[in-house]
Amino acid sequence: MEGNKIWEAYREYEQAILQTVDNADTEARGKQIQHIRSIFHRQLSVPLADSKSTLLAYKAWGVEQGISIDADSTDLDGISPLVASAYQKALQMYIARAPFEEKISGNNVSDSDRLQSFMNYLKFEQSLGDPVRVQNLYERAVVVFPVASELWLDYTRYLDETVKVAGIIKSVYSRATKSCPWVGQLWVKYLISLERGHASEEEISDVFERSMTCTLSSFHEYLDVFLIRIDGLRRRFLTTLEEDCSQRLALLRETFQRAVEYLSPHLKNTDDLLSLHHYWANLELNIGKDLDAARRVWENLIKTSGSMLAVWKGYIAMEVGQGNIYQARSLYKRCYSRKFGETGSEEICALWVQFERQCGTLQDYDHAVEKVAPRLKELRLFKLQQESKSSVVPMDQTISLSKRKLLEKRKPDSDYTDEQPSAKKKRGADQLMKKGDLNNVSRSKKGVESNRGEGKEVSIAQSSAISGQEVTKHTQPKVKSFEDQCTAFISNLSFKANPEDLKEFFKDVGGVKDIRILKDKFTRVSRGLAYVDFCDDDHLAAAIAKNKQTLLGKRISIARSDPKRGKKVSDGQKSTANTGGEKGDDRHGTRSNGSGDDGMQLKGRNTFAVPRNVRPPGFQMTNKRLVSEEEGGAENPKSNDEFRKMFIK
């Protein structure tokens with residue numbers, strides 16, 4: 001859009017040189033005039049904004065040089081056909097690109113829209129097949145968006161596929177990794193381009209070390225960088241002289257060891273870590289010719305990811321491939337009794353029997369079947385138990401839909417409605433006690449229990465009129481006891497953890513039914529606490545065994561969930577605790593006077609309760625007891641009326 005300014009400055013410079021040439025030197029002046037004319041022709045053949053003003057300037061300059069031409073007209077009369085054709089072509093190119101230029105240079109355009117406009121413009125230029133114009137447009141885009149990773153990735157991809165000039169590609173990759181050092185894919189492509197351009201080992205090693213000092217977006221990207229570096233070392237090993245093989249092999253092992261030490265804590269029990277060790281073990285066999293070193297690679301992987309069936313299968317496959325039947329059999333003996341996820345345990349048992357059928361003697365086959373049979377029986381029994389547990393229908397599901405709606409309608413809406421029915425029940429019960437109808441009450445309760453025992457549908461509210469009083473009984477769903485629950489409580493959990501992370505963490509344990517992460521009800525941010533339900537006690541015990549292990553950089557605590565922990569003590573327990581000469585208050589207002597015999601329970605919502613450390617007027621503390629000053633040792637007030645009369649006086 002502003003390229004014509006550069007051409008104008010160029011022409012003014014050459015015009016100034018022409019003024020310095022002596023008029024007598026016709027040859028020098030002719031060369032300079034021809035040079036200025038060529039600059040005009042080149043400018044008119046380039047699609048620039050305001051090209052018509054350039055055409056007028058060219059005609060005016062021609063008149064100065066004695067050419068008969070209409071300087072005020074924008075038509076092409078008097079201009080050579082070649083120049084006119086180039087001008088027309090450039091004008092058409094400008095008209096086709098003008099809408100794109102307007103979109104990328106708009107003042108009221110957001111950054112995201114402008115970046116998308118650049119990408120659309122680039123696709124248009126790439127469709128025309130001019131690499132110079134495409135590269136220039138990429139350079140214009142990265143000036144406006146220097147930290148747009150998708151733009152750098154697209155730019156380097158175009159250079160790798162189209163330009164293929166080592167010097168240009170290296171320069172662009174160097175700037176890309178400096179602008180977006182967190183993008184692992186840029187480092188991967190940078191290392192490949194250096195190797196493709198036959199860069200030195202020192203230069204490649206320097207780029208690799210720079211990538212390791214950057215903070216990449218994920219550990220999987222670190223793995224990709226390590227693998228690209230290892231691939232390059234392996235390819236260079238094949239073309240290395242024999243005297244340098246030991247040095248190259250040592251460097252290859254060192255790179256593998258760095259990758260394992262760095263990635264193992266973060267990629268534990270994953271296929272990515274398995275593929276890295278599998279690659280290492282194969283290179284130890286094929287390049288290093290060292291079977292013991294390959295075995296050490298697998299043994300180290302078993303220490304961290306031994307709960308993965310694929311790890312054992314890969315180790316066994318290596319031993320079988322090397323013809324080591326005895327070592328393969330010993331591995332089957334080590335792993336057949338382990339717990340693997342889903343059907344992994346049954347699979348390893350079947351593989352052992354198949355291995356002995358194909359490679360072992362009849363005695364070995366019988367021994368394998370003898371070892372596997374109890375294990376398979378145990379697994380089948382466990383599976384049946386899980387199926388039976390899952391088939392049990394909860395008690396609340398037996399209640400009909402209509403009665404559920406009735407229950408929802410009778411839910412209390414306030415504290416007042418919550419306490420009113422209980423007060424009525426107490427008064428009704430007192431009247432029944434006075435009238436001696438306890439037998440009727442007990443018979444009604446037995447009738448309810450008998451209906452439950454016969455499997456009849458329990459109603460939401462059963463009413464029995466006893467001595468003119470109506471007693472309402474609500475059925476309660478049976479609550480599972482603490483021993484029946486198989487739930488793990490997890491604390492010190494990372495705030496970034498999600499259910500998928502916990503599921504992956506307990507993958508080796510198995511049996512996970514549900515995962516609940518506790519969140520703040522206002523910010524919806526994790527509180528670092530979670531509950532994990534397991535299908536049985538065996539899986540729960542295995543999960544608790546992973547206590548104090550690291551998840552997402554934090555050592556989590558795992559314990560069995562106890563729903564009784566933190567609840568208030570029942571009335572009977574508090575009453576028992578308050579007897580024996582000690583003074584205490586329960587949540588219902590019961591107060592012990594010290595002897596344990598004269599305690600008075602204050603009832604009702606408006607109970608006039610005396611604070612624990614406040615002495616009412618007219619009383620004094622004697623031997624930790626509240627005694628009236630007038631009576632000199634009388635008992636504490638036992639009712640609200642006494643307190644009221646005392647203050648009314």
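Start by selecting Lys548: at 43% relative accessibility this residue counts as partly exposed, that is, between the buried cut-off (under 20% relative accessible area) and the exposed one (over 50%), using a 1.4 Å probe and protein chains only. Lys548 sits in the loop between helix 23 (537–544) and strand 6 (550–551). Helices (H or I, at least four residues) and strands (E, at least two) are DSSP runs, numbered from the N terminus. Check the backbone here too: Lys548 has a positive phi of about 70°, although it is not a glycine. Most residues other than glycine have a negative phi.

A word on what you have open: this is a predicted model, where local features need pLDDT of at least 70, side-chain atom pairs count only at pLDDT 80 or more, and totals for chains, interfaces and linings use all residues. Residues are numbered from 1 along each chain as its sequence is written, and side-chain values use heavy atoms, with hydrogens and water left out.

Next, jump to His198, in the loop between helix 9 (184–196) and helix 10 (201–212). Here is another non-glycine with a positive phi, about 60° for His198. With 73% relative accessibility, His198 counts as exposed.

Now select residues 51–64, which make up helix 3. Its 14 residues reach 20 Å from first C-alpha to last, close to the 20 Å expected at 1.5 Å a residue; the expected span is 1.5 Å times one less than the number of residues. Which residues of helix 3 are buried? Colour Ser51, Thr54, Leu55, Tyr58, Lys59, Trp61 and Gly62. Look down the axis of helix 3 and these buried residues fall within an arc of 160°, so they line one face of the helix; the arc is that of the directions from the helix axis to the C-beta atoms. Turn to the face away from the buried side for the exposed Lys52 and Glu64. To see what covers the buried residues, show helix 1 (3–20), helix 2 (26–44) and helix 4 (81–104), which are included in that cover. Just after helix 3, stop at Gly66, with a positive phi of about 90°.

Last stop: show helix 5 (residues 111–128) with helix 7 (residues 149–163), whose axes come within 11 Å and cross at roughly 10°. That makes helix 5 roughly parallel to helix 7, a label for angles under 35 degrees. Show side chains for the contact (heavy atoms within 4.5 Å): Leu115, Met119, Leu122 and Gln126 come from helix 5, and Glu150, Leu151, Asp154, Arg157 and Tyr158 from helix 7.

Technical notes
Axes are lines fitted to C-alpha atoms, for helices over the stretch in contact, and angles run from 0 to 180 degrees between N-to-C directions. Angles under 35 degrees count as roughly parallel, over 145 as roughly antiparallel, 65 to 115 as roughly perpendicular and the rest as oblique.
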